[in-house]
Amino acid sequence: MSITIGRREVIAVLGVAVVWPLAARAQKPAIVPRVGILSPAAEAAATLTAFREEIRDLGYIEGQTIALDFRLSKGITDALPALAAELVRVPVNVIVTDTTSATLAAFGATRTIPIVMGTTGGDPVALGLAKSLSRPGGNVTGTNILTALSEKRLQLLKQAFPDVQRVAVLANPKDAISISDMPHAEMAAARIGMRLFPLAASTPAELQALAPSALAGRDGLLVMPGGMFWNNRATIIGIASMARVPAIYAEREYADDGGLIAYGPNVLEHFRQAAGYVDRILRGAKPGDLPINASSKFDFVVNLRTARALGLTPSPDFLSAANEVIE
């Protein structure tokens with residue numbers, strides 16, 4: 001039995017045969033953007049969880065429409081440049097940074113991949129990261145802690161305990177924010193009648209080697225911000241507690257974990273904003289055109305349980321000024 005196919009049918013069949021492969025070739029799998037997160041944290045902390053949640057709320061699905069590539073230095077500041085270089089080699093489409101040291105490490109590794117500051121202290125212009133806050137002009141944007149907060153922390157310590165005069169300052173000489181903030185702390189101390197006594201630790205081992213006797217003769221403690229300190233905050237809180245010295249810290253987690261007073265920017269909010277920056281950049285915005293925002297929301301937390309354990313009684317006015325009192 002023979003089947004006759006007309007000229008039109010042959011053209012139609014050939015047309016389908018030709019068009020179908022072309023259509024199949026046109027449907028290439030979508031390229032999933034990769035976002036690197038560079039942080040001195042030891043684990044995916046609450047700040048990084050806040051970033052993940054905001055990315056999800058913006059409509060991204062991790063592992064499907066976006067990939068997050070974490071590089072965590074576990075408190076070792078010196079490891080950040082090598083981790084930044086790894087993200088550049090991946091390569092990622094955007095790098096989100098946690099702390100000033102991470103931002104400087106990322107900036108040292110690339111001048112082309114967009115960098116979004118999740119939390120960075122100091123003046124981005126003075127640090128060479130941007131031409132201006134309103135129009136950064138390069139590959140760095142995000143949210144920044146513009147004010148040196150060591151002055152505010154010393155004022156709060158003095159307000160809570162007026163007799164405090166000799167204050168130890170725990171600083172990391174390898175951490176950019178400790179280096180930049182120390183002169184502000186010294187000037188503030190001179191204005192309010194305090195004397196500062198630097199106490200240095202640049203690695204977890206050096207920190208753990210400190211004994212409560214390191215605070216002998218001191219009646220207050222100021223702990224500078226920094227990833228290495230944050231990762232080892234239990235050690236620092238323990239030293240202050242055993243020395244029975246009132247201490248003020250830069251991040252609220254210290255107060256949550258038993259530290260006396262914490263004052264600093266709301267870093268969770270910073271990382272939510274960082275997710276918004278990442279979204280705009282992935283949609284085509286240039287980082288150099290996105291203004292750098294200053295911190296606008298701060299945490300002031302007092303752990304009253306710790307105060308009582310130390311035999312201290314902050315004034316009612318001081319407690320009423322706090323955002324949160326842990327009882």
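Author: A charge sits over a ring if NZ of Lys or CZ of Arg is within 6 Å of the ring centre and within 35 degrees of the ring normal. The model is predicted: local features need pLDDT of at least 70, side-chain atom pairs count only at pLDDT 80 or more, and totals for chains, interfaces and linings use all residues. Residues are numbered from 1 along each chain as its sequence is written, and side-chain values use heavy atoms, with hydrogens and water left out.

Reader: What sits over the ring of Phe-197?

Author: The charged end of Arg-218 does, 3.8 Å from the ring centre. Likewise, Lys-152 lies over the face of Tyr-263, at 5.8 Å from the centre of that ring.

Reader: How many aromatic pairs are there, and why is that of Tyr-249 and Tyr-254 called stacked?

Author: The structure holds 4 aromatic pairs. Rings of Phe, Tyr and Trp (its six-membered ring) pair if their centres lie within 6.5 Å; planes under 30 degrees apart count as stacked, over 60 as edge-to-face and the rest as tilted. The centres of Tyr-249 and Tyr-254 are 4.5 Å apart and their planes are at 5°, so this pair is stacked. Tyr-263 and Phe-298 also form a stacked pair, with 5.9 Å between centres and 0° between planes.

Reader: Why is Tyr-263 called buried, and how does Phe-298 count?

Author: Buried means under 20% relative accessible area, exposed over 50%, and partly exposed in between (1.4 Å probe, protein chains only). Tyr-263 has 12%, and is therefore buried; Phe-298 has 27%, and therefore counts as partly exposed.
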